[in-house]
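Notebook open, model loaded. I'm jotting down what I look up as I go.

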Amino acid sequence: MTSTLDTRSRTDRFLAVVERVGNKLPEPFTLFLVLFGVIALASTGMALAGVTVQMPGSDEVVEVKGLFTAEGMTWLTENLGENFLGFPPLVTVLPILMAVGVAEKSGLLGAAVRYAFGSAPRWALAYAVGFVGVMGSIMSDTAFIIIPPLAAMVFRAAGRHPVAGLLGGFAAAGAGYSTNILVTSLDALFAGITSSVAQILPDPGSPVNPLSNWFFNAVSSIALALLAGFLIDRVLEPRIRRQGVPLDQVADDDDPLADTSAATTADERRGLRNALLVALGVAAVMVAAVLVPASPWRNEDGGFLPESPLLSSIVFIVFTMFLVPAIVYGRAVGTVRRIEDVPIMFGQALKDMIGFVVLAFVLGQFIALFNWSGVGQWIAVSGASALESIGLTGYGAILGFLVVASLLNLFIISGSALWTLMAAVFVPMFALIGYEPAFVQAAFRVGDSATQIITPLNPYMIVLLAYLRRWEPSAGLGTVMARLLPFTVCFWLVWAAILTVFFFLDLPVGPGNGIFLDG
């Protein structure tokens, strides 16, 4: 008993430190505004000191330029708008978000989730929750709101412990957030950031697009979905039962799950069937268009890798594969009655992402200054030289990178903010010691997701806690974190193991994107 209490006390103290330190961090917009100021001052000091840098593989010697100089101030005033609108993720993320928004607002995504839950047999419920949770990133942050209560409801209806469904759904959605079998807006977001920082390199490697991590994502998402199901079934639910957590809610009034149902109506099932058939038809047309010998989507050599119009059309393909089935589904269930409903849903989707658009303004300025000033090149060359001097250029450097990303993810929950910060430094640095930017991006995904379900800075933890207190009124954030910790540890280890296999077998992480620049 004493050992358990001591362990719990140490865990609580650690989480208290995380919460206390994290609460002192400014929100992402302010954080990057401060970082912009730091780079502005540093670049000016380095420029006055005459600091230069020469990128390996290039004969050009780059002088670091300062923002607070005549050249720097005119650069900023002339390029403020271009730095914002030219921020690469905006070009790829916004169109995909519009299409996914129609899929969500029409009810297609919600119905698909409920159908997956409702059609799963009792023994397979945990694995259904694991699969839907990991794939839930397609709905962006909405997954944290929709999946946990639905999972609790279907567990309760099947005679299994609803708290296991609730916590398991949240764990799968959060710990596996950065991966998916399907291409999502997150893939477009990461690819845009990676491309924007790789352009300072003399050899930026293969182009990075939303498909650049697809092979790695597909393997990871399947493995993590199965792992989530196993942990829910064999670890989480048995532990909850041993702890005596009530099967029935302590207070039944104002039940947040009372109006929730996993059942789909006949119209919804017909809509899902029609949407699937149309999606298959659209996919068949696209495949036929690119397979013909004279296809304009082939490259000059008649292939598709490493570059081709087909790979440059990924945003269009994803946009179409979401939009057309969503409209067909909406017509079947009555959520899309006229063509004017579609642009309204476009607008609603963009409204939901206005916070990201505002954040993109300062992210774009930060990345642009980092690249223009030469500070990014200087840090990359200095960092790469330091790694080489201590002999840390192999897989140990990648593991160190995973650990750093995992720890930072405890404090910076926003994936776009964290990757903007880390990509600016690590993509060029790792490229200089031989790693493809797409591979560095794939490694980041491991650290970006696994730890976010145990940090008190995750805003959706409060929503989850409100649900949990229906069964355990005395539950706190420590209760949630302790029960989700096995998911964090197991997801991190398995995901890192998958990355290790890709690394040592030199497998491509996506179409045309390998591990090493010389591969």
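Which residues is Glu388 in contact with, leaving aside its neighbours within four places in sequence? I find Thr393, Leu432 and Ile433, with contact meaning heavy atoms within 4.5 Å.

Before going on, a note on ground rules: this is a predicted model, where local features need pLDDT of at least 70, side-chain atom pairs count only at pLDDT 80 or more, and totals for chains, interfaces and linings use all residues. Residues are numbered from 1 along each chain as its sequence is written, and side-chain values use heavy atoms, with hydrogens and water left out.

**Glu388, continued.** I place Glu388 in helix α15, residues 375-389. Helices here are DSSP runs of H or I with at least four residues, strands are runs of E with at least two, and both are numbered from the N terminus. Ile433 sits 45 residues from Glu388 in sequence, yet their C-alpha atoms are 7.8 Å apart. I get a relative accessible area of 47% for Glu388, so I log Glu388 as partly exposed. The scale: buried is under 20%, exposed is over 50%, partly exposed is in between, using a 1.4 Å probe and protein chains only.

**Overall fold.** I count 20 helices and 2 strands in the protein. The C-alpha box along the principal axes is roughly 70 × 65 × 45 Å. I checked the radius of gyration too: it is 24 Å, which agrees with the value near 24 Å for a compact globule of 519 residues. That radius is taken over C-alpha atoms, and the globule rule is 2.2 Å times the number of residues to the power 0.38. Among contacts with a separation of 6 or more, 79% join residues 24 or more positions apart.

**Core.** Buried residues make up 52% of the 519. The largest nonpolar core has 162 residues, and Trp419, Phe430 and Leu484 touch the most other members. Such a core is a set of buried Ala, Val, Leu, Ile, Met, Phe, Trp, Tyr and Cys residues joined through side-chain atoms within 4.5 Å. Helix α20 (residues 477-504) gives the most to this core, 13 residues. I then listed the contacts of Leu484 beyond four places in sequence: Leu167, Phe170, Ala171, Ile453, Ile454 and Leu464.

**Asp506.** What is the phi of Asp506? I read a positive value of about 55°, although Asp506 is not a glycine. Asp506 lies in the segment after α20. Its relative accessible area is 40%, so Asp506 goes down as partly exposed.
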